[in-house]
Amino acid sequence: MNIDPNAVEEAARELYIRALKILPPDIKEGFDRLSERETSDTGKAVLGTMIQNIAVAEDTNNLLCQDTGVPIYNVIVGRNVQFDGAMLKEAIRKGCERATTEHPLRSSVVHPLTRKNNHTSTGVRVPVIHFDYDDTTDELRLEMIPKGSGSENNSWLRMAIPAEGVDAVKAFVVDRVLEAGGKTCPPTIVGVGVGGTSELCMHMAKMAATRPLGSHCQDPEGRKLEEELSAVVNELGVGAQGLGGDSTAFAVHVELAATHITMNPVAVNMQCHSARRASARFTPEGVTYGF
Amino acid sequence: MAHHDITTPVSEETIRSWRVNDTVTLNGTLFGIRDATQIHMFDRGRTTHFDLNGHAVIHTAPNVRKVEKSDEYPAGYAPVCIGTTTSARMERFTRPLMEQYGVRMIIGKGGLLNDSLQAFQDLGGVYLAIVGGTAALETTWVEAIEDVDLDDLNPESLWKFRIKGFGPLLVAMDSTGNSLYDHVREEGAKRRDAVLASLGVASR
């Protein structure tokens, strides 16, 4: 299958706007689950407002949250998919810029030193574009994540050592959830990266924070760890918006990678309750949109 | 736990009567302010011609559309999506906002810290928690963008909104030194060891 860069540009534009407006069904179900077991009156009221907001955004065709985030595009390439890589990157960038100027959206992206805003949501190395490959499909999948800053500002990496064991990982996650408090716009998805190198560990934390609720770590030990942490994270009392209660997180997700004999890295990245993402599938029949 | 439905600006006496867990709905004028706005106002010597005395500021940078100036759009901006950002980054600006401009209410999410709580006590102010990430709803409480200042910082300009039924907001930090965020932090610290023990982690 050959990929037309114009179709990619159009999809990159469409995905940014869709992601900002329509919350994925797994997150909506996550809200229902938390609401059922919330015991705090404040927590119930806060969750109720969040659920109301999802409906208002859909009814008024508006953005769920004003934070248009840092745009991230994940390209997952199946077998026998052909394209000009440089053109594909340029198409994604143009689509991202067009979403910003045509909708219009607030450009939340600035130069890190001059703080200059181009009002295009793009800049040096932004949008962030990741490529990965999947030998189980013949499709190209384009995923868009507008990563809000409230949650992104709460990102941590710790190069723990082997003598500290898995305990270091667990304690790090618990302490970072407490430290973040309401700043991350809880309930969150707590993303945890374990192992790898420093940048891979951080990247895995982001992958974990942005994958659908109900999905699991592919590694059985990783899955066990995320289930253990998910079971207790709501005992910490942080609650929705950090105002107390039982709704600190929808879940804790773990991704892991092999690491060095001397290393035991752990990273945490969180996704806010407006856990937005959208995706497009490119097949020979055309483009279909989903989450 | 009283509810206060008020039109801005408000007096120090009124603000000092509010307590945490009260709820507030605002009408009238609301000012939007953000990181860059305050960095320029308090670190780079810039000033605003707006009168913020007795008013509320909200930690925001909105999505707007540039339009022709008209009665409906007096500032030449139509609101698209107006929401609230994390307050803690702007902690150090609370006192100068209150001392130099007479601001009485700060609206935000995630809470402010000890210096702000002290400023609320010393000068008569409150922190009003809005539900972060619910900007579509919040936008329906904004009638118009009435005016804008420091607009070279767009979207982090100083915005003047006309609002109606803006809330309910939760008084989360009051002028008597009470902060809901402190309660949650203390409670979390108490629960930490039990949670770690249940994970089989020796307390450290």
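Where in chain A does Arg115(A) lie? In this predicted model, Arg115(A) sits in the loop between α4 (85–102) and β2 (128–133) of chain A, and I begin there since its backbone deserves a look when you go through the torsions: phi of Arg115(A) is near 65°, a positive value in a residue other than glycine.

Staying with the backbone for a moment, but moving to chain B, there are two cis peptide bonds to mention. One joins Asn154(B) and Pro155(B), with omega at about 10°, and Pro155(B) belongs to the loop between β8 (142–149) and β9 (158–173) of chain B. Another joins Gly167(B) and Pro168(B), where omega is again about 10°, although Pro168(B) is placed in strand β9 of chain B.

Let me now turn to the domains of chain A. The assignment gives domain 1 as 5–20 + 64–148 + 275–290, and domain 2 as 150–271. Taken over C-alpha atoms, the centres of these two domains of chain A are separated by 25 Å, and the contact between them involves seven residues of domain 1 and six residues of domain 2. On the side of domain 1 of chain A that touches domain 2, the classes are three nonpolar, one polar and three charged residues.

Next, the helix pair in chain A. Helix α2 (residues 25–37) and helix α3 (residues 41–59) of chain A pack at an angle of about 155°, and their axes are 10 Å apart. Since an angle over 145 degrees counts as roughly antiparallel, α2(A) and α3(A) are therefore roughly antiparallel to each other, and their crossing is left-handed. From α2(A) the contact is made by Lys28(A), Phe31(A), Leu34(A) and Ser35(A), while α3(A) brings Leu47(A), Met50(A), Ile51(A) and Ile54(A). Sorted by class, that contact comprises six nonpolar residues, one polar and one charged.

What is the order of the four strands in the open sheet of chain A? The order is β4-β7-β5-β6, and the pairing is mixed. At the edges are β4 (155–160) and β6 (249–257) of chain A, each of which pairs on one side only, and neighbouring strands of this sheet are turned against each other by 15° on average, with direction ignored. Helix α8 (residues 220–233) of chain A lies across β5 and β6 of chain A, and α8 runs at about 155° to β6(A).

Finally, the contact between the chains. How many residues does each chain give to this contact? Chain B gives 44 residues and chain A gives 43 residues. On the side of chain B that touches chain A, at least two residues each are supplied by β4 (63–66), β5 (77–81), α5 (135–139) and α6 (180–198) of chain B, and the largest share, 12 residues, comes from α6(B). By class, the residues on that side of chain B divide into 22 nonpolar, 15 polar and seven charged.

Definitions and conventions:
Residues numbered from 1 in each chain as written. Chains lettered and ligands numbered in written order. Predicted model: local features only at pLDDT ≥ 70, side-chain atom pairs only at ≥ 80, totals over all residues. Axes fitted to C-alpha atoms, helices over the stretch in contact; angles between N-to-C directions. Parallel < 35°, antiparallel > 145°, perpendicular 65-115°, else oblique. Left-handed = near helix turned anticlockwise from the far one by under 90°. Contact = placed C-beta atoms within 7 Å. Nonpolar A, V, L, I, M, F, W, Y, C, P; charged D, E, K, R; others polar. Domains from an automatic or database assignment. Pairing = 2+ DSSP bridges.
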